[in-house]
Amino acid sequence: MSLLEVSGVKKIYKTRFGGQSVEALKNVNFTVEKGEFVAIMGESGSGKTTLLNILAALDKATSGTVILDGMDVGKIKESQMAKFRRDNMGYVFQDFNLLDTFSLEDNIYLPLVLAGKKHAEMKSRLDEIAEPLGITNLLKKYPYEVSGGQKQRAAVARALITGPRIILADEPTGALDSKSSDELLDLFTKVNQMGQTVLMVTHSTKAASHASRVMFIKDGVIFHQIYKGDSTDTELYQKISDTLTLLAQGGDLK
Amino acid sequence: MNIGLYPKIAYEGMRKNGKLYIPYCITCILMVAIYYIVHFLAFSGVLIGIPGASTAVQMLGFGVYVITIFSAIFLFYTQSTLIKGRKKEFGLYSVLGMNKNNLGMIIFYETIMTWIAAIFGGLILGIGMSKVAELGFTRMIAAPVNYDFRISTDSVLHTIGTFTVIFLLIWLNTIRQIKFSSAIELVRSEKAGEKPPKANWFIGILGVIVLGAGYVLAIRIQQPISALFGFFIAVVLVIVGTYLVLIAGSVLLCRILQKNKDYYYKTNHFVSVSSMAYRMKRNGAGLASICILLTIVLVILSSTSVLFNNSEYCLTVRYPNEIGAFACTYGYDENLTDLGERLDDILYEAAEAHGATVTNNKTYYTYSICGYLENDVLQVTLDSLSDMTFIDYDKVAQIQFIDVGLYNRVFGYNETVEPGKAIVGTANDITLGDTLIIGDSTFEVSKRIDDRIDEIDPASKIAVSPTIYMIVDDVEEVAQNYIQYQDYNGEPMLAWYWYCRFDTGLDVDGQIAVANDLSAILNEELGPLNFTNYYCDSHENQRTDFLSTFGGLMFLGILLSTIFLVSCVLIIYYKQISEGFEDKSRFEIMQKVGMTREDIKKSINSQMLTVFLIPIVFACAHLFMALPIIHKLLMLMGFMNMPMLVATASVCVVICAVFYAAIYKVTSNAYYKIVS
């Protein structure tokens, strides 16, 4: 059984006064296996963020099911939703979403504190991940004192610390310069090699080329996918570029 | 650049930030209105002539300064938080090519607009409210109602002057903030995130010390009249201390809590402690303002309502019997004794003509002398003093000499006093030695009758300066020793007092008729003589007077409390709204990270409850510390009942707390709406 099964997901946005409706997602079907590093690519407005929000249970699908490790995300009660998210998913945002009232350390602890863990346990969990993420020396600092790349690493640590089944990343390199982006993507690769399932949404070819599988979304449907297989990042980069060119030209890959 | 552009930009900027600027403007308007009303009541003379209002006028005059300091601190702080949110806008203007002077112009126009709104709105509101106050007041004391609009030019000018200075300072402070940051800093100021508040040990501890000093000063003041300046200092210290403690001290507390890892890393404490540290830094001033307003309300409400509650007691002390009469003249005259006895007979006869049965009659006369009492020595000469204002009221005491024969006869004792000795009694809080030197004469204390003073005159225990009764062998002889003393006007210091009081057994109308009749007789008898003061009144007649006086004061108290409470409501509303906008994104993030709605609600609740409990807890502490001095001030108006004051203050605290809780509930709903 796959870790994540998405079948027939559809999302229709109604305008405020119920007049026009926009179909953001038409019919999305895919699965993610445990330990995969999947990138979902698409242009702005293609529905990729909507999809991620539905996967993260931040938004509800109009129809279709999302099953994470046997649990139907759509059927979880509203009151249990936050707890479910906290226990099973780690979310990395484009704009970091760190709280400026907390030091990086406290930001990372936040989900654990919410889960009611003891300080000693939180400390040992943080010690495990701080070193590989390279944030050991930054922990006492506040978000405004560190660079974007450092903030995003702290955000990754926050997503990882609960030991989630899957990490969902929404355009994680979007607000970073190219050097920080590279570092972050290497980090994701490293995390993935440690066995962590990662699902990333991006429009950056560079970012997607780090993934083990790239899916393309256009006009609300999964249009195409490329497996990395044995190819290097550079080869995958080339493949993605070609696909995007074809997509832009309106070619039919199916 | 077009000159008209700046006002336009300023106006648009304020309009776009209306949600924050409108409450700010309303707060300014209220501050101006409060200042005007208090100034008007204190200095326009509208209260003059209302018996007992002189203390109120004095306190209001002093309140003007308190309000000035308070509005300056509060408006300053509010405005600086407002401008913080607009730095990005200013940064953008400077990126687009405006220099610092141009920005200064925009801020200038903004300040001018707020100034105009505040002054005009505030004065109109203030004048309207002061008319309402005046009407209510005259109704209460049954004076003829006058529907003219009385506007005090003096108060208007003072209001404009004070607030112009405050707004000027605010403007300069804003300029300073803009001047010292570059365009890019301004643009980024929002994005950069706020620095975590540092625990400022110095300011925090300073706050505690200042507050403590204010408390100690307030408690140690013995004599409210001479120490009014000291009282003022105490109030200012408490205000400043409250601000310091709430701004810095609370951050300090949060930091200490954060050090305790087991406490801090708990779901309930984690978010609330850390955001409280920020909250207190930003909104400590708001809380301190709420706290001070609440304190003012509590002090006004409890003191005026306790006076009203107590008016019956006060009446009984002043007029222990149904009929009371009094006469006073200066100097010594051997015929006065005869006059006193003749007056007694005439009055009793006149009362009996109305069908009264004279009972419980206590009619006596005393010779009295005033002076400075130090170490049991009464120094009588005041002629070195040219001005009343230099008199040290702490030391002034009044001696009343009563003839032992008269005392025995009237009060039913059988005392004997040898020449050169005296039976001494005082109801006031002073201790006397065994030998008293009054002027040039020395008296040995042969007996003390402190516990019998109520019989002689119950009102003496509520007198401002202590009265010492001395029962002597021969009052005429004693009095003659003091003939030569004169005050700075050349008037004799020695005074002859005649007291008369009795019950009639008549109904209310009868008592009033007797009192009127006796007044006429006194006028006839004493008018031609050189008497400085004489009157006769009935207990019942005075009841109306007392009720109207204290009722008037209570009305004034309620009016002022209402105004202060309304401004308190606005500050709370303003605080909630601005915090709501700040917290909106923070709660969104927390929800994404996995905080349930319930967690959020719980965390908001506990945080707001703590934050909102602080002002009322501090206000109660302030009130508690102020009780001794309030009690002393109320003594001037004939009040002496500490347990009753404590009880009334507690009731006022409960009423205010309920009202406060209601405001809190309503405004926190506004907060929830913004956040969710």
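## Domains of chain B

Domain 1 of chain B and domain 2 of chain B each give 38 residues to their contact, where contact means heavy atoms within 4.5 Å.

This is a predicted model: local features need pLDDT of at least 70, side-chain atom pairs count only at pLDDT 80 or more, and totals for chains, interfaces and linings use all residues. Residues are numbered from 1 along each chain as its sequence is written, chains are lettered from A and ligands numbered from 1 in the order in which they are written, and side-chain values use heavy atoms, without hydrogens or water.

Domain 1 and domain 2 of chain B bury about 3,400 Å² between them, 86% of it on carbon and sulfur atoms. Buried area is the accessible area (1.4 Å probe) that two parts lose on being put together, summed over both. Zero salt bridges are found across this interface of domain 1 and domain 2 of chain B. A salt bridge puts a side-chain nitrogen of Lys or Arg within 4 Å of a carboxyl oxygen of Asp or Glu.

On the domain 1 side, the elements giving two or more residues are helix H2 (18-43), helix H3 (53-84) and helix H5 (100-140) of chain B. Helices are DSSP runs (H or I, at least four residues) and so are strands (E, at least two), numbered from the N terminus. H3(B) gives the most, with 17 residues.

## A buried histidine

B:His39 is found in helix H2 of chain B. B:His39 counts as buried, at 2% relative accessibility. Buried means under 20% relative accessible area, exposed over 50%, and partly exposed in between (1.4 Å probe, protein chains only). Beyond residues up to four places away in sequence, B:His39 touches B:Ser44, B:Val64, B:Asp154, B:Ser155 and B:His158.

## Salt bridges

The whole structure holds 22 salt bridges over all chains. In one of them, A:Asp59 pairs with A:Lys11, with the closest N and O atoms 3.3 Å apart. A:Asp59 lies in the loop between helix H1 (48-55) and strand S4 (63-68) of chain A, and A:Lys11 in strand S1 (residues 4-14), so the pair ties together parts 48 residues apart in sequence. A:Asp59 is partly exposed at 22%. A:Lys11 is buried at 9%.

A:Asp100 and B:Arg586 meet in a salt bridge (3.8 Å, N to O). This pair joins two chains.
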